[in-house]
Amino acid sequence: MKDMQSFGDLLDLQDVDLDIDRLLHTRGTLPILDDYKSAHGATVVAKGEFERLDGELKLASRDLDKAEGELEILEEKLGREEQRLFAGGMSARETENMRNEVISLRSKQSEMEDLVLGLIDAREALEQLTNAAGARLEELKAVEAKLEAEVAQAWKKIDAELARREGSKAEIVPLIPPDFLEMYERLRDAKQGVAISRLVDGVCGGCHLALSAAEQLEVAAEDPPLCLHCRRILVL
Ligand SMILES: [Zn+2]
């Protein structure tokens with residue numbers, strides 16, 4: 001038969017374990033945790049949007065650089081051919097060809113200038129959108145960081161409580177016979193954390209069902225006594 005001291009120690013251990021369960025549950029279900037998760041989700045979405053726009057902006061900048069480079073080359077070529085035309089000394093046929101070439105280049109130059117202006121406008125519009133998305137992302141990050149700090153603060157308090165309970169548990173556990181402890185752990189897993197309960201006025205504290213005087217005698221004969229209804233360890 002287990003001695004009464006072991007039952008008392010096990011009840012103490014269960015009180016501490018139930019406190020630990022409660023603290024862990026609180027830790028995982030803090031309302032501010034939901035706020036933080038929402039804020040984190042919003043930041044992830046905003047980051048995706050910013051990166052998408054930033055990527056488009058880089059492409060637009062590249063297109064613009066390319067078009068500006070082509071325009072520059074075209075203008076240099078036009079300048080050279082105009083100089084040759086002004087310098088003279090060519091045959092009438094050569095002069096005519098060169099004049100036609102210059103006209104064609106001027107037309108291309110005008111087209112390229114329109115293209116560059118269009119690309120500048122598009123790039124500017126994208127730059128504004130990207131900057132706005134960047135500012136929005138920074139705002140959301142700040143909100144997320146604030147909530148993260150609040151969660152950390154709340155967890156710190158809970159973790160200090162948990163550490164205190166773990167300390168108490170470490171003191172109680174060595175007092176309990178290993179086989180009894182093993183049974184307790186197994187029952188706790190199966191019985192929603194309550195492995196041992198007192199019989200009060202003939203009623204099991206675990207399942208709240210009554211045991212008759214005859215049933216109590218039957219239970220008392222077992223080692224350890226187990227409730228006939230819920231099979232929890234019963235302290236008589
Ligand atoms: Zn019971």
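A few ground rules come from the way the model was handled: it is predicted, local features need pLDDT of at least 70, side-chain atom pairs count only at pLDDT 80 or more, and totals for chains, interfaces and linings use all residues. Residues are numbered from 1 along each chain as its sequence is written, and side-chain values use heavy atoms, with hydrogens and water left out.

Five helices and three strands make up the list of elements in the protein (DSSP runs numbered from the N terminus, with helices being H or I of at least four residues and strands E of at least two). Read from the N terminus, their order is α-α-α-α-β-β-α-β. The protein is more spread out than a compact globule, because its radius of gyration is 41 Å, well over the 18 Å that the globule rule gives for 236 residues. That radius is taken over C-alpha atoms, and the rule is 2.2 Å times the number of residues to the power 0.38. Along the principal axes, the C-alpha atoms fill a box of roughly 130 × 30 × 30 Å.

As for what is tucked away, 33% of the 236 residues count as buried (under 20% relative accessible area, with exposed meaning over 50% and partly exposed in between, using a 1.4 Å probe and protein chains only). The largest nonpolar core holds 28 residues, and those with the most contacts inside it are L10, L13, I176, Y184, I196 and I233. Such a core is a set of buried Ala, Val, Leu, Ile, Met, Phe, Trp, Tyr and Cys residues joined through side-chain atoms within 4.5 Å. Two or more residues come from each of α1 (4-28), α2 (31-87), α3 (92-172), α4 (178-190) and β3 (233-235), and α1 gives the largest share, seven residues. Leaving aside residues up to four places away in sequence, I233 touches a list of residues including F7, L10, F180, M183 and L226 (contact meaning heavy atoms within 4.5 Å).

Then there's the metal. The zinc ion is held by the SG atoms of C204, C207, C227 and C230, at 2.2 to 2.3 Å. Donors here are N, O and S atoms within 2.8 Å of the metal (3.2 Å for Na, K and Ca), and sites may look incomplete since water is not among the atoms. In sequence, the donor residues follow the spacing C-x2-C-x19-C-x2-C. C204 counts as buried because its relative accessibility is 0%, whereas C207, at 22%, counts as partly exposed.
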